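Colleague: I have this model open and would like to go through it with you. Could you show it and take my questions one by one?

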Amino acid sequence: MNPAGLAPYACDPARSRGRRHPEAAAPTRTQYQRDRDRIVHSTAFRRLVYKTQVFLNHEGDLFRTRLTHSIEVAQLGRSIARSLKLDEDLVEAIALAHDLGHTPFGHAGQDALNECMANHGGFEHNLQSLRVVDELEERYPEFDGLNLTFETREGILKHCSRENAQRLEAQQPGGVGRRFMDGSQPGLEAQLCNLADEIAYNAHDIDDGVRSGLITLEQLHGVELFDQFRAQAGAQYPGLHGRRLLYESIRRMLSEQVYDVIDTTLANLRAATPGDVDAVRAQRPLVAFSESMRAASLGLKRFLMQNLYRHPQVAAMTGQARQVVRELFAAYMNDPSQMQSAFAARTDSARSVADYIAGMTDRFASREHKRLTGTELLAPGQ
Ligand code: MG
């Protein structure tokens, strides 16, 4: 174990692969603390509060937004990281940055933007998150972006198509695109954030889904992962109902998944005995659910897909969101001077339009759509 109390297979901030633009070490903070702090102070991070996770930002004050989702992922991630002796600051940095590249209006916005960009290299929100921290943030005199460490950037780029990986590799040989070409893994902190993301949204989408009235506790009877904990909570507290029953069931479900990841990962680490993070990268994924928990989590995801994400009320929003993004894209392509001057001045017009739209909050996109088309869609108060 190194002096910081990290396991040998953890990402050690003192042995980072470094930043694209070399900088002197900070006097009081580790490299990963510094990354986390830069993310928290970024413009893109502040915008997450007004971006849709599943429900539109203005549909209710108690639903998750991309910001509260990211904070929940960071909480779950840190908690698991501490048990595994991984670097908590790196986990937090990745978790807080993982959704920075999301468009307004959730997945509907992203799908529409990807279609608009079909002839211009496409649009992937993971790659966009990397673009935000590498290029789009304008905060420093000497470089574009936040100049984060390799390990944070590696974690942010969760998925990447082969085509985009080749593009990244051409720009930065041996950089964060490489693993999508040679099939290697990211560090454990990044692997952990993927699972923490899944645990977080499975739980909070049940919560938001039930409180919105789009799904009911009765419907959840067939979902094993949730139902066993509702039965447990009901047995210990007969008569418990409504929100307290919902929260108590979700709390137990969250804990069980966290313990499952810790136990399964520790067993994987005992079997694989990686001596350092490079040995981790050469292994199969080591942070994992047990087989039974993986199956149970898939069952819950299927339920949410069928009953929440494809609910007619959510689908109605989805159709309008696609229209807003498509029409914004067409309007800016037609007249780039309608964008903020920094975007209008760029010569790569389609990518510039995609970057501009992707950075928008839900309400800014609605307002811009109304200004440019005269039609009001998805606006607060509708
Ligand atoms: Mg997420």
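**Cavity, metal site and a helix**

Modeller: This is a predicted model, and a place to begin is the lining of the largest cavity, whose residues divide into four nonpolar, four polar and two charged.

Colleague: Which residues line the largest cavity?

Modeller: The lining of the largest cavity is made up of Ile94, His98, Asn126, Gly155, Ile156, Lys158, Ala190, Cys193, Asn194 and Asp197, and the largest share of that lining, four residues, comes from helix 10.

Colleague: And what is the volume of the largest cavity?

Modeller: The volume of the largest cavity is about 50 Å³.

Colleague: Changing topic, which protein donors does the magnesium ion have?

Modeller: The magnesium ion has His69 (NE2), His98 (NE2), Asp99 (OD) and Asp197 (OD) as its protein donors, and they lie 2.1 to 2.8 Å from the ion. Histidine 69 belongs to helix 3 (residues 66-84), while histidine 98 sits in the loop between helix 4 (88-97) and helix 5 (106-116), so the pair ties together parts that are 29 residues apart in sequence.

Colleague: Now helix 8, which of its residues are buried?

Modeller: In helix 8 (residues 162-171) the buried residues are Asn164, Ala165, Leu168 and Glu169. Seen down the helix axis, these buried residues of helix 8 fall within an arc of 140 degrees, so they line one face of the helix.

Colleague: What do the buried residues of helix 8 pack against?

Modeller: They pack against helix 6 (125-136) and helix 9 (179-182), whereas Glu163, Ala170 and Gln171, on the other side of helix 8, are exposed.

Methods
Residues numbered from 1 in each chain as written. Predicted model: local features only at pLDDT ≥ 70, side-chain atom pairs only at ≥ 80, totals over all residues. Heavy atoms only, no water. Buried < 20%, exposed > 50% of the residue type's maximum accessible area, 1.4 Å probe, protein only. Helix = DSSP H or I, 4+ residues; strand = E, 2+ residues; numbered from the N terminus. Arc of directions from axis to C-beta. Contact = heavy atoms within 4.5 Å. Donors = N, O, S within 2.8 Å, 3.2 Å for Na, K, Ca; no water. 1 Å grid on protein atoms, 1.4 Å probe; cavity = no way out; pocket = protein on both sides within 12 Å on 5 of 7 lines; lining within 4 Å. Points joined across faces, edges and corners; volume = space filled by probe spheres on them. Nonpolar A, V, L, I, M, F, W, Y, C, P; charged D, E, K, R; others polar.
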